[in-house]
2 protein chains.
Amino acid sequence: MNGADSVVQTLVDCGVEACFANPGTSEIHLVASLNKQKTIRGVLCLHEGVATGAADGYGRMAEKPAMTLLHLGPGLANGLANLHNARRAASPVVNIIGGHASHHNRYAHAALNSDIEGFARPVSAWTLSTASALTAPGDAARAVEAAQRPPGQVATLIVPADAAWTEAVRPAKPLPRPPMASSTAVDAVDAVAAALRRSPRSGLLLRGQALQEQGLAAAGRIAAKTGARILYDTLFPRMQRGAGRVRADRIPYFPEAAMEFMADLEVLVLVGTNPPVSLFGSPDKPSLLAPEGCRIICLAREYEDGVGALEGLAEAVGAPASPGAVTELAVSAPSDDATLAAATIGQAIAYHMPEQAIIVDDSGSSGFASHGGTATARPHDYLFVAGGSIGWGLAAAAGAAVARPDRKVVCLTGDGSGAMAMQALWTQARERLDTVTVVYSNRAYAILDVEWARAGLGNSAPASYFGLDGPAIDWVGLAGAMGVEASRAESTGAFSDQFAAAIRTRGPRLIEAVI
Amino acid sequence: MNGADSVVQTLVDCGVEACFANPGTSEIHLVASLNKQKTIRGVLCLHEGVATGAADGYGRMAEKPAMTLLHLGPGLANGLANLHNARRAASPVVNIIGGHASHHNRYAHAALNSDIEGFARPVSAWTLSTASALTAPGDAARAVEAAQRPPGQVATLIVPADAAWTEAVRPAKPLPRPPMASSTAVDAVDAVAAALRRSPRSGLLLRGQALQEQGLAAAGRIAAKTGARILYDTLFPRMQRGAGRVRADRIPYFPEAAMEFMADLEVLVLVGTNPPVSLFGSPDKPSLLAPEGCRIICLAREYEDGVGALEGLAEAVGAPASPGAVTELAVSAPSDDATLAAATIGQAIAYHMPEQAIIVDDSGSSGFASHGGTATARPHDYLFVAGGSIGWGLAAAAGAAVARPDRKVVCLTGDGSGAMAMQALWTQARERLDTVTVVYSNRAYAILDVEWARAGLGNSAPASYFGLDGPAIDWVGLAGAMGVEASRAESTGAFSDQFAAAIRTRGPRLIEAVI
C-alpha cells in the first residue's frame with residue numbers, strides 16, 4: 001500500500017463519496033488509487049472551476065465533504081473563484097492537490113512550480129502540505145475533519161508526488177465530526193426574548209441550517225408570538241422553501257431598496273449570519289443596511305447551533321407549538337401570449353417544477369426578478385451564489401445532482417455567468433445528471449448596465465465592455481456540442497412547453513430563454 | 001478628473017494600448033474612463049483566464065505591457081493560472097483590479113470581500129493596493145514600470161472603488177523603462193570563452209531575447225567557431241525560427257530522452273535561463289537533466305542582456321562575422337492519403353503557413369510530435385505554454401493577434417487544453433482576429449495516458465479520469481456557437497485543404513483534426 005492508496009482509503013473511511021477532478025501527472029498515483037475502489041465516484045471536469053463549483057453544490061446538498069482533485073498550483077488557481085463561493089457558503093470541501101515530489105520541489109524555476117499554499121490560503125480555513133507517505137493518511141483524516149468543522153469549511157491538503165508513490169502506513173482512522181456548539185452567548189436567548197417582547201418591530205435574519213425546514217418552523221413560532229419578521233440574506237447558501245414551509249423574505253439586492261425594506265426594524269436578531277451589508281459600497285450610502293438605532297443582537301454565530309437557539313427562543317417567548325402560517329401552494333401557468341421575461345419564466349418554472357426540486361441560481365439581474373415566482377411552488381431547496389462570484393451555477397448544479405440523484409435540479413443562469421462555466425455542460429452530459437438549465441439570454445452583463453445608470457454614468461453603458469451580443473452565444477449549439485440536448489424559447493408558450501418537457505424527461509437539458 | 005480618469009490617462013501615457021477585460025461593479029468608473037479614450041483597445045473576455053492568457057500572448061508579441069481589468073478577488077483568481085504562465089514567460093502584464101470602496105472593505109463578511117493581495121502574490125512580482133485617488137495615478141505608473149522590469153513581470157494594482165470615483169490629481173508622468181543590465185558576472189564572457197575553447201562538447205542554452213533572430217545569429221557565430229550546440233528549453237516563452245535563421249534544438253520533454261540528448265555535454269552555457277530540470281520529478285531519476293560532471297556556467301541571467309553577452313562572447317572566441325549555417329526553407333505537402341496524425345498535421349502547417357506567422361502552441365502530446373515539422377518553414381515566431389499550465393493557447397492566440405494584426409496567428413491546441421479556454425473563441429470572433437486554431441482532437445488527456453504507462457501503472461489508463469470521449473466535444477459546433485467558422489478534418493487531404501483555405505482567408509477559423 002503506497003501513500004496514495006492509504007490516503008484514498010482514509011478518505012473512503014471518512015465518508016467521502018465524490019471526487020470532482022481534473023488531475024495531471026503529479027496526481028497520477030492518486031488517480032490509480034481512486035480507480036481501484038468503488039466508493040468514491042470520480043467526476044471528471046474540463047476546468048477546475050467546474051470541479052470546485054460542483055464540490056460546493058455537492059457539499060451544500062449532501063452535507064458531507066466533497067473532494068476535489070486538482071493539479072498543482074495552477075490547477076488549484078483555476079478553482080479558486082468557486083472555492084471563494086464555497087467558503088462563503090460554508091460548504092465542506094476537501095481539496096487534494098498533487099504536489100511535486102520533494103526532491104523536485106526545490107527547483108523554484110521548474111515550470112509548474114508555484115506557491116500552492118499561497119494560492120490556497122485566501123479560500124481555505126485549513127491548508128497543509130503533508131510531509132511524506134507516513135503523514136499523508138493522518139493529514140487526510142485531519143483535512144476531512146477541518147472541512148466538517150461547523151458550519152463547514154474549505155480544507156486544502158497538498159500531497160507531494162513522492163508521498164503518494166512511497167510505501168506507506170495503514171489508512172488513518174476517521175476523526176470524530178466536530179459538533180455544532182451551542183450558542184456561546186449564554187444569555188443570548190434571554191436577551192433576545194426580552195428585546196422581542198419590548199418591540200414588535202423586529203426581524204429574525206436567518207442563514208445556514210436555520211434556513212432549513214426545522215429552523216424556519218421555530219422562527220415561524222416566534223413570529224406568531226412576537227410579530228417578528230423572518231428575513232434572509234440577499235446572497236445565501238441554501239434555503240428550504242415552498243408549500244408547507246414557513247415563508248421568509250429576502251433582503252433586496254440594491255442598497256436603497258434593502259434599507260427601505262428594513263426601515264421599520266428596531267431589533268434585528270442574527271441567526272448564523274452577520275449584520276447585513278450591501279454587496280458593494282457606494283459614494284453616498286452606508287454599507288450597513290439596518291437603520292440607525294436598530295439594535296442588532298446575535299442569537300447564534302454561523303458555527304453555532306442556530307436551530308437549537310431558535311427553538312430555545314421560541315420556548316422563552318412562549319411561542320405556540322406550531323408556526324402561525326405556512327406557505328400554501330400557489331402556482332399558475334403563465335399566459336402563452338405573455339412576453340417572455342424573468343417574471344413569466346419564474347412563473348412557468350414554479351408551475352411545472354416537481355416536488356423536492358433543487359434550484360441553483362446564478363442568474364444575476366434576471367434571477368432577482370424571478371426568485372419570487374417560486375416562493376409558493378412545491379417544496380424545494382434553493383441554492384444561491386453565496387460569494388457573489390458568477391460562473392458557479394452550471395457547476396454547482398452538476399454537484400447538487402451528484403449529491404441528490406433522486407431530485408430534479410433546475411439551474412438558472414445568466415448568459416454572462418453561464419459562459420464562465422460553460423464547460424460544466426460536458427460533465428452534466430458525461431454523468432447523465434438530471435439537470436435542467438435555463439439560460440436567461442439577454443446578451444449582456446445586464447446587472448452592469450443597471451449599475452452604470454445607478455452610478456450616474458449616463459444612459460447607455462458601453463457595449464464594448466458589457467455587451468454579449470457581438471456575437472450572441474448560441475446556447476443551443478454550445479450545449480449540443482458538449483452532449484446536452486437543448487432548445488431555444490422566444491415566447492412564454494414555447495418556454496413553458498420546453499420546460500415542462502424537460503421536467504418530464506430524465507437527464508441534462510438546456511433551454512435558452514431569449515429575453 | 002476623477003481617480004479612474006487619471007489612472008487611465010496615466011496608463012495611456014505609459015504606452016498601454018490593450019486592455020483585456022472582464023469588469024464588474026467595482027471597476028465601473030474605470031470602464032467609464034476607458035470608454036472615453038481611444039488609445040487603449042478594450043477586449044472583452046467571457047472568462048478572466050482568457051483575459052490573462054491574452055495579456056500574456058499580447059505581452060510576448062508586443063513587447064510592451066498588456067493591461068487586464070478584473071473584478072475583485074474572484075475575478076483575479078480566475079485569471080491566476082494564465083498569470084502563472086505569464087510569469088514563467090516573463091511577460092509584461094499590468095493587472096488592474098477594482099477593489100471595494102475603503103469604507104466597505106472593512107466588512108470582512110461582505111460577500112465579495114477576499115484577500116486580493118493574497119491571490120495576487122504567488123504570480124506577481126509587484127503587488128499594491130493604492131491608498132486613494134491621490135496615490136492611484138502614481139501607483140499606476142509604478143505598476144507599468146514594474147511590469148517592464150527586465151525581463152518582464154506581472155504587476156498587480158488594486159484600485160479601490162472610492163479611489164476611482166473621487167476627484168484626483170493630474171495623471172502621473174511615465175517612469176523611465178528600466179534598462180536591461182549587462183551581465184553582472186563581469187568575467188563571464190572570458191570564463192565561458194575559455195571553457196568553450198577547452199571543450200568542443202558544449203552547448204549554449206538560450207531563452208528570452210536570446211532566442212530571437214539577433215541572439216540566434218550571435219549563437220550561430222559562436223557555434224561556427226567552437227562547435228557548441230544551440231539548445232532551448234522544452235517549455236519556452238517565444239522563439240524566432242524557420243528559414244534564414246540559425247537553428248536551435250529543443251530539449252526533449254521526457255527526462256530520459258532529455259538526458260540522452262545532453263549526455264555528451266561537458267560544458268553548458270546558460271543565456272537567460274536556468275539549469276534544465278524535468279517538468280516533473282520521478283521516483284528513479286534526478287530532476288537535473290545535464291550529465292553529472294557537466295560544467296554549467298551562466299553567461300547572462302534572465303534579467304540581463306543575453307544578446308549583448310552572446311555578441312561579446314562571439315568576439316571573445318574569435319567567431320566569424322556571420323553564422324556558419326542558417327536554416328534553409330524545406331517544406332513539402334503531406335500525401336493526401338497519409339494517416340492524419342500530429343506529424344502530417346505539422347507537415348501541412350509548415351507547407352501552407354505564410355511568412356511571419358505566429359504559432360501559439362498549447363497542444364501537449366501532439367504538439368511535441370509536430371513541433372519539428374515547422375522548424376524549416378518560412379520564418380515565424382513560436383510561442384509555447386511557458387508555465388506548463390494548459391488552457392492558455394486559445395487565449396494567448398487572441399492576445400498575439402491583437403498585438404500583431406498584420407500577422408497570421410496559428411494556434412495549436414489539444415482538446416483537453418482547448419476545452420479549458422474555449423471561451424476565447426468568442427473573443428476571437430468578437431474582435432475578428434486573424435487566427436487559425438487547430439484542435440488535435442484525440443478525445444483524451446493523452447499525455448496522461450503516456451505518463452500512466454511510464455509510471456508503471458499498467459497499460460490502460462482510466463478513461464474515467466483521462467478520457468474525453470464520453471461525450472466527444474464537437475469542436476465545429478462549439479466554435480460555431482461562439483461565432484467562429486469551423487470545419488472537421490478526418491484525413492490528411494481534408495486537413496491540408498481546410499488549413500490552406502483558412503490561411504487564405506482573414507478572420508478566425510477553427511479546424512478540428514480528429515486524430
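Q: Which word describes how H10(B) and H13(B) are set to each other?
A: In this predicted model, H10(B) and H13(B) are oblique to each other, since angles under 35 degrees count as roughly parallel, over 145 as roughly antiparallel, 65 to 115 as roughly perpendicular and the rest as oblique. Local features need pLDDT of at least 70 and side-chain atom pairs pLDDT 80 or more, while totals for chains, interfaces and linings use all residues. Residues count from 1 along each chain as its sequence is written, with chains lettered from A and ligands numbered from 1 in written order.

Q: At what angle do the axes of H10(B) and H13(B) cross?
A: The axes of H10(B), residues 188–198, and H13(B), residues 306–316, come within 9 Å and cross at roughly 50°. Helices (H or I, at least four residues) and strands (E, at least two) are DSSP runs numbered from the N terminus. Axes are lines fitted to C-alpha atoms, for helices over the stretch in contact, with angles from 0 to 180 degrees between N-to-C directions.

Q: Which residues make the contact of H10(B) with H13(B)?
A: Residues are in contact if their C-beta atoms, placed from the backbone, lie within 7 Å. Here H10(B) contributes Ala188(B), Val189(B), Asp190(B), Val192(B) and Ala193(B), facing Ala309(B), Gly312(B), Leu313(B) and Ala316(B) of H13(B). By class, there are seven nonpolar, one polar and one charged residues; Ala, Val, Leu, Ile, Met, Phe, Trp, Tyr, Cys and Pro are nonpolar, Asp, Glu, Lys and Arg charged, and the others, Gly among them, polar.

Q: How far apart are the axes of H3(A) and H16(A)?
A: Helix H3(A), residues 48–62, packs on helix H16(A), residues 393–403, with axes 6 Å apart and an angle of about 45°. That makes H3(A) oblique to H16(A) too. Among the residues that meet are Gly49(A), Gly53(A) and Gly57(A) in H3(A), and Ala396(A), Gly399(A) and Ala403(A) in H16(A). The residues of this contact divide into 13 nonpolar, four polar and one charged.

Q: What is the strand order of the open sheet in chain B?
A: Strands of a sheet pair through backbone hydrogen bonds, either parallel or antiparallel. DSSP must find at least two bridges between two strands for them to pair. The seven strands run in the order S9-S14-S13-S15-S16-S18-S17 (chain B), with mixed pairing. S9(B) (238–241) and S17(B) (485–489) are the edge strands, each pairing on one side only. From one strand to the next, the twist averages 20°.

Q: How many bridges join S17(B) to S18(B)?
A: Five bridges link S17(B) to the parallel strand S18(B), residues 509–514. Glu485(B) has Arg509(B) as its bridge partner in S18(B). Helix H3(B), residues 48–62, lies across S9(B), S13(B) and S14(B), at about 145° to S14(B).

Q: Is Ala90(A) buried or exposed?
A: A residue is buried if 20 or more other C-beta atoms, placed from the backbone, lie within 10 Å of its own, exposed if 12 or fewer, and partly exposed in between. Ala90(A) is buried, with 25 C-beta neighbours inside 10 Å. Though not a glycine, Ala90(A) has a positive phi of about 55°. Arg443(A), also not a glycine, has a positive phi of about 55° and is partly exposed, with 17 other C-beta atoms within 10 Å.

Key: Two residues are in contact if their C-beta atoms, placed from the backbone, lie within 7 Å.
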